[in-house]
Amino acid sequence: MASLWLTNLPADVTDDEITGWLEKYGFPRCDEIMRVPGDGSRPGAVITFADVEEEVLRRLQPRIDGVFVRNKTIHAQVAPPPRPEPH
Amino acid sequence: MGLFDRLFGRQPAAGGDPLLDKALDRTVEVVEPKLALARDWRRRLAPGVSAAIEIARAGAQCLQQVHDLSAANWSTDPLLRAAFANSDSVTQVLGRMRELQRYLGAPGAGNEAYAVLGMSVETRKVLGAALVGEQVRSEVERTQVNFGDHRIRIVAAGAEQMRQAAGVRIFNELLLGVTRELAKADERRKELNIERSMLQARLRMLEHNERALSEEFGGKGDDDADPLAERAEMQRRLDELNAAMAAYGGGTEGLDRQLEIVRDALLSARELVRIETRTLRVDAMNTVLEEAQSAGQTIGFVHVQAPRITRAFAAVRVQRADVPAGGLSIAAVERTL
């Protein structure tokens, strides 16, 4: 499992639009989109791919990083894997 | 419906060239857009992409038998009985499927949807009672099949659209496998590059030390060490690393090598990916029976075996009325508490 961290998204962007951009740039179908609105100035989203490894996502990430959409430059980072729950 | 979608229809396209071109374009778009800069890339990639199209088309056409997926049908459909513990679990699974919910919630969606139900499938050996000759014996080894992890990712308005969408999905999964191969090659190339840099630095240090020793002691250094042999060994290792890096496509040959990796990975899918219809005769406890036995019922599903997955798939038809509304089920939470 690997996640992609997108920031500076247009405030009114829909999940379908995000999925459409990702597929256009060759990403596989994502499994979950979790919105991170923050203070509203640079809304973000964590996109989870259940069956994709981090190395694959790192190879695809430059394709979407810096893409200009609806007057916004989207930034993309491969998110580190989630930390194990403390016992 | 786009040209690309029609690739995975019932019949291979007559002539085929424009459709193959479309698949080739999609391949470089997904796998590595820079490959389109390589010389004669279409002709060189075509065998691999054609093989992938055939796998996708054959796989999609395996989804012929459509099961009505509903709690009411659980007791009458042998596959549903084997795949779900009880009729309630059918409803629970339908309530969890977001793709299905999204499809049925879209404006203009009909009252039924066709979908591909994916499930994990595993067989295990268990000890149970069995009739051997005229005697009932306990602790007889039997095989049990279990289904779980139900998922619906492909939803369409009709059976043929569903099969086309399944074909596109299989093709995309094959391309994802190729991207994995390229990512692996990238990682290996990076490791080799680091190792080579370290070796080059050590070689430089060795040369520097030799010079310093010969200047200070007139060529008499440590008698135990043989600097010439050490240097020769390092040079040999360096040559090996250079050869390994060339195999992963370094420098100007990078694109050509990547093109070969993509083509070979797609061609190898013919041996590595197996999509076939499988039938089993099972009893009510999912114990696998001999085909000749009159007890139990026959279930059929599409079995997919690939390097990273082993799953069962079935084409299903879902009625809107059978899908519970998504979101939090207060009743279920109350029961849990």
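**Figure 1. The open sheet of chain A.** In this predicted model, chain A contains an open sheet of four strands in the order 2-3-1-6, with antiparallel pairing. Strand 2 (32-36) and strand 6 (75-79) of chain A stand at the edges and have a single partner strand each, so one side of each lacks a neighbour in the sheet. From one strand to the next, the twist averages 20°. Strands of a sheet pair through backbone hydrogen bonds, in either the parallel or the antiparallel sense.

**Figure 2. Strand pairing and helix packing in chain A.** Five bridges pair strand 2 of chain A with strand 3 (residues 44-49) of chain A in the antiparallel sense. Within this pair, E32(A) stands opposite T48(A) of strand 3. Helix 2 (residues 54-64) of chain A packs on the sheet, where it touches strand 1 (2-7), strand 3 and strand 6 of chain A. The direction of helix 2 of chain A makes about 175° with that of strand 6 of chain A.

**Figure 3. The fold of chain A.** Two helices and six strands make up the secondary structure of chain A; from the N terminus on, the elements run β-α-β-β-α-β-β-β. The radius of gyration of chain A is 13 Å, close to the 12 Å given by the globule rule for 87 residues, so chain A is as compact as a globular protein of that length. Along the principal axes, the C-alpha atoms of chain A fill a box of roughly 40 × 30 × 20 Å. Of the 87 residues in chain A, 24% are buried. Among the contacts in chain A with a separation of 6 or more, 65% are between residues 24 or more positions apart.

**Figure 4. Antiparallel strands of chain B.** Strand 4 (residues 274-282) and strand 6 (residues 297-305) of chain B run antiparallel and are joined by nine bridges. V302(B) stands opposite F313(B) of strand 7 of chain B.

**Figure 5. The contact between chains A and B.** Chain B contributes 11 residues to the contact and chain A contributes seven residues. On the side of chain B that touches chain A, helix 2 (17-31) and helix 7 (159-217) of chain B are the elements that give two or more residues. Helix 7 of chain B gives the most to this side, with eight residues. The residues of this side of chain B comprise four nonpolar, two polar and five charged.

Technical notes. Residues are numbered from 1 along each chain as its sequence is written. Chains are lettered from A and ligands numbered from 1 in the order in which they are written. This is a predicted model: local features need pLDDT of at least 70, side-chain atom pairs count only at pLDDT 80 or more; totals for chains, interfaces and linings use all residues. Two residues are in contact if their C-beta atoms, placed from the backbone, lie within 7 Å. Ala, Val, Leu, Ile, Met, Phe, Trp, Tyr, Cys and Pro count as nonpolar, Asp, Glu, Lys and Arg as charged, and the others, Gly among them, as polar. Two strands pair if DSSP finds at least two bridges between them. The radius of gyration is taken over C-alpha atoms; the globule rule is 2.2 Å times the number of residues to the power 0.38. A residue is buried if 20 or more other C-beta atoms lie within 10 Å of its own, exposed if 12 or fewer, and partly exposed in between; C-beta atoms are placed from the backbone. Axes are lines fitted to C-alpha atoms, for helices over the stretch in contact, and angles run from 0 to 180 degrees between N-to-C directions.
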